[in-house]
Amino acid sequence: MSAIRVLLADDQPLLRMGFRLALDAHPGLRVVGEAADGLEAVAAAADLAPDVIVMDVRMPVLDGIQATAQITERDPDAKVLILTTFDLDEYAFAGLRAGASGFLLKDVPPQEMVAAIRTVAAGDAVVAPRVTRRLLDTFAAKLPADPGLAPITRVQELTERESEVLVLVATGATNQEIAQSLYLSEATVKTHVSRILAKLGLRDRVQAVIFAYESRLVEPF
C-alpha cells in the first residue's frame, strides 16, 4: 500500500518541522511538501497532488480559507484539514464551507493528527463529529435567516429514512451510533449516507452537516 502523501501549510517553520517529524515517523505517512503561506499552498497542491493538505487558517499573502477555496475549486476531490485555535478562530466554519474536509485544533497531539489524516485519506471527511457540531453551533448565527428555496427543494428529494440519517449525521453521530439509534446495520447506514450525498450533490459528510444546518433540518440552539 502506498504511503499517504501530506502537504503541510503553516507560516511557523518550527511548527511545520514538528509536524513533519511526527508524521514521517509513522509508517504509511509521508510529508511531500511544505508551504509558508496560502499562495504557496495553492501552488504546492497543484504541483504535488497530495492526498491530504494540513492547512493553517492564519497565514500571510493568502489565508488558509482562501487557499482552501482555491484548491477545492480546482480539485473538488482535494482533502484539506484546517488547523484552528478553536477559542480564537471564527474562520474554521468558513473553512468548512470553502470545501475543507474537517479541522484539527492546532495543539492536537501527534497521534490524533495521524489518526485524522488517515481517516480523511480513507474518505471519511468528519474527523471529530462532536467537535464539528460544536463549531457549527457556535457560528450558526452566520447562516442566513432564510434558507431559500433551493435547500428546501433538495431536501424533498430524500426519503424519510434518509432525512433521519442526515439529521443524525448533522448532530455529530457516528455511523455506529446512527445504526444503534435507528436499529440498522452500519453497512445500511453507510449506504444511506452515500445516497444522501449523491442526491444532494454533496462531496462528503462535512458538506452534509453544513447543508442540514443551512436548510434548517437541524437547529443550532
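Reader: Is N175 buried or exposed?
Author: Keep in mind as we go that this is a predicted model. N175 sits in helix α9, which covers residues 175-182. Its relative accessibility is 15%, and the cut-off for buried is under 20%. So N175 counts as buried.

Reader: Which residues is N175 in contact with, leaving aside its neighbours within four places in sequence?
Author: Good thing to ask about a buried residue like N175. Once the neighbours within four places in sequence are left aside, the contacts of N175 are E186, V189, K190, V193 and R205.

Reader: Is Y183 buried or exposed?
Author: Y183 lies in the loop between α9 and α10, the latter being residues 186-200. Exposed means over 50% relative accessible area. Y183 has 77%, so the answer is exposed.

Reader: Where is V61, and what is its phi?
Author: V61 is in the loop between β3 and α3, where α3 is residues 64-74. With a relative accessible area of 63%, V61 is exposed. V61 is not a glycine either, but its phi is positive, at about 70°.

Reader: Let us step back to the whole protein. How many helices and strands does the protein have?
Author: Some background comes first: buried residues make up 48% of the 221 residues. The accessible surface is about 10,600 Å², and 54% of that belongs to carbon and sulfur atoms. As for the elements, the protein has 11 helices and five strands.

Reader: In what order do the five strands form the sheet?
Author: The five strands form an open sheet, and the pairing is parallel. On average, neighbouring strands of this sheet are turned by 25° against each other, with direction ignored. Read across the sheet, the order is β2-β1-β3-β4-β5.

Reader: Which strands stand at the edges?
Author: An edge strand here has a single partner strand, so one side of it is left without a neighbour in the sheet. The two strands in that position are β2 and β5 (102-105).

Reader: How many of the seven residues of strand β2 are buried?
Author: Strand β2 spans residues 29-35, and this strand is mostly covered. The number of buried residues among the seven is five.

Reader: Which residues of β3 are buried on each side?
Author: In a regular strand the side chains alternate between the two faces of the sheet. In β3, both faces are covered. One side has V52, V54 and D56, and the other has I53 and M55.

Reader: What is the bridge partner of M55 in β4?
Author: Strand β3 (residues 52-56) and strand β4 (residues 80-84) pair in the parallel sense over four bridges. On the way from β3 to β4 the chain passes through α3, in a right-handed β-α-β crossover. The partner of M55 is I82.

Reader: And which residue in β3 is the bridge partner of L7?
Author: β1 and β3 pair in the parallel sense over four bridges. In that pairing, the partner of L7 is I53.

Reader: Which residues does A44 touch, not counting those up to four places away in sequence?
Author: A44 lies in helix α2 (residues 38-48). At 12% relative accessibility, A44 counts as buried. The residues A44 touches, beyond four places in sequence, are L7, A49 and P50.

Reader: At what angle do α8 and α11 pack?
Author: Helix α8 (residues 160-170) and helix α11 (residues 205-214) have their axes 9 Å apart. L166, V169 and A170 in α8 meet several residues of α11, including R205, A208 and F211. The two helices are roughly perpendicular, at an angle of about 100°.

How values were computed. Residues are numbered from 1 along each chain as its sequence is written. This is a predicted model: local features need pLDDT of at least 70, side-chain atom pairs count only at pLDDT 80 or more; totals for chains, interfaces and linings use all residues. Side-chain values use heavy atoms; hydrogens and water are left out. Buried means under 20% relative accessible area, exposed over 50%, partly exposed in between (1.4 Å probe, protein chains only). Contact means heavy atoms within 4.5 Å. Accessible areas come from the Shrake-Rupley method with a 1.4 Å probe; for residues, only the protein chains shown count as cover. Two strands pair if DSSP finds at least two bridges between them. Axes are lines fitted to C-alpha atoms, for helices over the stretch in contact, and angles run from 0 to 180 degrees between N-to-C directions. Angles under 35 degrees count as roughly parallel, over 145 as roughly antiparallel, 65 to 115 as roughly perpendicular and the rest as oblique. A crossover is right-handed if, with the strands pointing away from the viewer, the path from the first strand over the helix to the second runs clockwise.
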